[in-house]
Amino acid sequence: MNPTVPALQATFGDAIGRVGGARDGLSVAVVAAGRLRDVMRWLKDTPEQRYNYLVDLTAVEYRDRERPLEVVYQLRALERKLDLRVKVELDPQGELAVDSVTPLWAGANWLEREVYDMFGVVFAGHPDLRRILMWETYAEGYPLRKDFPLRGRFSRSEQVRQALNTSPEANYSLEELSIAEAFDELPPDMRERLRRGERARIAESE
Amino acid sequence: MKHVLETKEVSGSPNFHLTRLEKLIDWAVNQSRANSLWPMPFGTACCAIEFMATAASRYDLARFGMERQAFSPRQADVLICAGRLPFKLAPVIRRIYDQMPQPKWVISMGACASTGGIFDNYAMVQGIDTIVPVDVYVPGCPPRPEGLLYGILLLHKKIKGESLFDAVRRRDEQPLDEHGLRLPPAEIDEISEPFGNSVHQFRSA
């Protein structure tokens with residue numbers, strides 16, 4: 001058992017739920033969603049802990065409808081060569097919201113966007129919570145949720161129609177485009193689209 | 001030249017041939033077009049690796065007049081979609097196709113580009129023929145270089161059978177309709193029906 005786990009329990013008491021070892025030998029601690037930011041800050045900034053590397057951030061929804069949806073944080077203390085897995089359990093039927101850890105680990109930015117894109121978990125305090133894999137006007141829902149049909153919710157022709165009506169340039173904000181410095185030299189229609197932040201133009205179907 | 005043109009020997013003289021001007025022009029134009037196709041490789045997955053093998057020295061695409069890979073659609077004749085096409089890339093390939101000058105042809109390389117392949121899911125276009133018109137489908141997962149070369153030779157054959165003067169067979173731009181689709185929605189749904197093993201899966205979870 002990772003020595004951090006008893007330390008967590010001693011410091012945060014009730015905020016730490018189930019603890020234990022995973023099958024791969026890692027220690028797991030389940031944290032109450034409301035205290036996540038405090039726990040993570042403590043894990044990162046306390047001199048004895050120093051979990052300075054967020055290896056991965058992802059989510060799991062189980063086939064068993066009774067089980068909660070888990071947001072999983074994989075932490076590593078590089079100097080101490082210690083790993084810890086922190087989980088937050090959310091009710092899949094309820095509101096999926098948890099605090100963002102992007103202010104602590106900047107690398108969480110895109111990982112949280114991916115979890116938002118695939119599972120619909122809203123990360124409060126995230127600087128730029130947008131879809132990252134699917135295009136931004138994607139309207140079918142969150143593909144990795146268990147209630148999402150494998151082939152999507154819309155018919156194939158509707159999916160093709162919506163995809164073709166997306167503007168490829170509009171998938172990126174101006175700050176992300178490496179051509180941001182060349183903004184003034186872009187064609188006027190593209191400049192206008194980027195300035196308006198227009199993501200797509202979808203004609204009404206009949 | 002003899003096997004292409006209808007020649008007629010007049011009074012036993014071998015010195016001249018008679019033919020129709022249209023046939024001569026078609027023959028000249030189509031030979032030039034077929035034998036100097038400039039491919040625009042649109043490689044998205046493992047088929048692109050096989051495409052590179054086809055273009056490299058052992059199989060040597062240059063033997064068929066495809067020496068120059070046009071990485072700009074403005075100087076390309078044939079779009080080769082090598083690999084699966086997600087919906088997010090659908091407007092991109094459509095724009096590339098629209099940017100290519102006429103005449104233009106499309107080769108759909110591999111199972112995924114042709115039918116969606118094993119990716120019968122929410123993210124993948126079920127056959128690029130729902131987005132752009134396709135001339136040659138090359139099966140395989142991925143096709144071997146011989147397969148792609150055979151597809152290219154079939155395209156040559158198709159080009160040589162085209163006519164500049166046949167208004168019906170002339171290649172149209174095939175623009176998107178008012179819905180932004182190339183085909184009627186019912187046809188797209190039919191093309192995208194589950195295929196092979198995936199018919200055993202259910203549409204709704």
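**Figure 1. Confidence along chain A of the predicted model.** Chain A has an average pLDDT of 85, and 87% of its residues score at least 70. This is a predicted model, and within chain A the confidence is lowest in helix 5 (residues 188-196), where the mean is 72, and highest in strand 3, where it reaches 95.

**Figure 2. The open sheet of chain A.** Five strands of chain A form an open sheet in the order 1-2-5-4-3, and their pairing is mixed. Strand 1 (16-21) and strand 3 (53-60) of chain A are the edge strands, each of them pairing on one side only, and the twist from one strand to the next averages 20°.

**Figure 3. Antiparallel pairing and the hairpin in chain A.** Strand 4 (residues 69-77) and strand 5 of chain A run antiparallel and are joined by 9 bridges, with A:Leu75 opposite A:Leu84 of strand 5. The hairpin that these two strands of chain A make has 4 residues between the strands, and in this hairpin A:Lys81 adopts a positive phi near 55°. Strand 4 of chain A also pairs with strand 3 of chain A, again in the antiparallel sense, over 7 bridges, and A:Ala59 has A:Val71 in strand 4 as its bridge partner.

**Figure 4. A helix lying across the chain A sheet.** Helix 3 of chain A, which covers residues 108-119, lies across strand 3 and strand 4 of chain A, and its direction is at about 5° to that of strand 3.

Figure 5. In chain B, 4 strands form an open sheet in the order 1-2-3-4, with parallel pairing. Its edge strands, each pairing on one side only, are strand 1 (39-43) and strand 4 (136-138) of chain B, while the twist averages 15° from one strand to the next. Strand 3 (residues 105-109) of chain B pairs with strand 4 of chain B in the parallel sense over 3 bridges, and the bridge partner of B:Met109 in strand 4 is B:Val138. Helix 2 (residues 46-55) of chain B lies across strand 1, strand 2 (78-82) and strand 3 of chain B, and runs at about 145° to strand 1.

**Figure 6. Contact between chain A and chain B, with a crossing of two helices.** In this interface, 22 residues of chain A are in contact with 26 residues of chain B; the chain A side divides into 10 nonpolar, 7 polar and 5 charged residues. Helix 4 (residues 156-164) of chain A and helix 3 (residues 90-99) of chain B have axes that come within 8 Å and cross at roughly 65°, which means that helix 4 of chain A is roughly perpendicular to helix 3 of chain B. The crossing of these two helices is right-handed. From helix 4 of chain A, the residues A:Val160, A:Ala163 and A:Leu164 meet B:Ala90, B:Pro91 and B:Arg94 of helix 3 of chain B, and the residues of this contact comprise 5 nonpolar, no polar and 1 charged.

Conventions. Residues numbered from 1 in each chain as written. Chains lettered and ligands numbered in written order. Predicted model: local features only at pLDDT ≥ 70, side-chain atom pairs only at ≥ 80, totals over all residues. Axes fitted to C-alpha atoms, helices over the stretch in contact; angles between N-to-C directions. Parallel < 35°, antiparallel > 145°, perpendicular 65-115°, else oblique. Left-handed = near helix turned anticlockwise from the far one by under 90°. Contact = placed C-beta atoms within 7 Å. Nonpolar A, V, L, I, M, F, W, Y, C, P; charged D, E, K, R; others polar. Pairing = 2+ DSSP bridges. pLDDT = per-residue confidence, 0-100.
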